[in-house]
Amino acid sequence: MAWSSFTPFSAAAGGALIGLAATILWLGLGRIAGISGVIGGLVGAARGDVSWRLAFLVGLLAVGVGAALLAPDTVASSSLRGPAIMLVAGVVVGFGARLGNGCTAGHGVCGLSRGSLRSLVATLTFMATGIATASLVRAVFGGAL
Amino acid sequence: MSTTSTEPTEPAVTRAATLVALVAGLVFGFGLVLSGMTQQTKVLGFLDVVSGAWDPSLAFVMVGAIGVHGLLRRVIAARPRWSRRPLFASTYQQPARANVDKRLVVGAAIFGVGWGLAGVCPGPALVSSVALAPSLALFAVGLAVGFVVYRATLGRSP
């Protein structure tokens, strides 16, 4: 285990904020704070259903700008993967998240929080394929891809 | 964009609701950055369990998130007077499906492959996409393409 990079407290605190944000969206708008659901739902959204999705996206992007200016180490400024891999992975993630009706946020946080069996199955599934892929890529390509 | 969406017609979303969504996005994004989910090395270090340098930190993101949201959702679900309906919308929009089906499992499996390949999931990728990281921006472009491709293909059938 890599004890030097083990950061359980900031991870849990960040998680708590994510849980708080999901609660704000649920209590305020009755919506589930899944990124792929909220943002992916922009594609083909009905007219009155767009502005809150855009507002949520603007919030995320604003944090990215703030983090890049104030704490650049916290957001990736260079990538461990080449641009082609990242582009393809993005398509795969976007398509898979919509087909599976959720991603790490929608299933892994919101769904598990309400005890959904579907979300438990989805979370275990993407954890398994994520672990397999990341481990395999490092074993075969030594981390550089 | 079609205006003949099958989704139920929402009443005009108020300015307050939009503001609440903005706040939720800000808090969510800040949580992602603080948690380490926006760092590719941390995500890959978490997923790569056999490297000998496994970093289990990100498991604590789930602990924190589910701890807070699970508890607060329970309070809301008990429907005290102030939470009978959402503060700025007419209904809570609970996912309708309850059964585990092929779409769910296949979709989650595909999602995991992309996640393990890139070391970022949608939220962190969007946050990082504006941080002068061309590859992350490319991932975000791919994400949008994936959303559109799904909508144009399998997303049409029920």
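A residue counts as buried if 20 or more other C-beta atoms lie within 10 Å of its own, exposed if 12 or fewer, and partly exposed in between, with C-beta atoms placed from the backbone. Keep that in mind for helix α5 of chain A, residues 106-113, where 7 of the 8 residues are buried. Those buried residues are A:G106, A:H107, A:G108, A:V109, A:C110, A:G111 and A:S113. (Helices here are DSSP runs of H or I, at least four residues, numbered from the N terminus.)

You're looking at a predicted model, where local features need pLDDT of at least 70, side-chain atom pairs count only at pLDDT 80 or more, and totals for chains, interfaces and linings use all residues. Residues are numbered from 1 along each chain as its sequence is written, and chains are lettered from A and ligands numbered from 1 in the order in which they are written.

So what covers the buried residues of α5(A)? The cover includes α1 (8-29), α2 (35-40) and α6 (117-141) of chain A, together with α3 of chain B. After α5(A) comes A:G115, with a positive phi near 75°.

Now for the chains. In all, 117 residues of chain B are in contact (C-beta atoms, placed from the backbone, within 7 Å) with 107 residues of chain A. On chain B's side, α1(B) gives the most, 18 residues.

Chain B also has a domain assignment, automatic or from a database: domain 1 (1-94) and domain 2 (100-158). Here 10 residues of domain 1 touch 7 of domain 2.

Terms used. Two residues are in contact if their C-beta atoms, placed from the backbone, lie within 7 Å. Helices (H or I, at least four residues) and strands (E, at least two) are DSSP runs, numbered from the N terminus.
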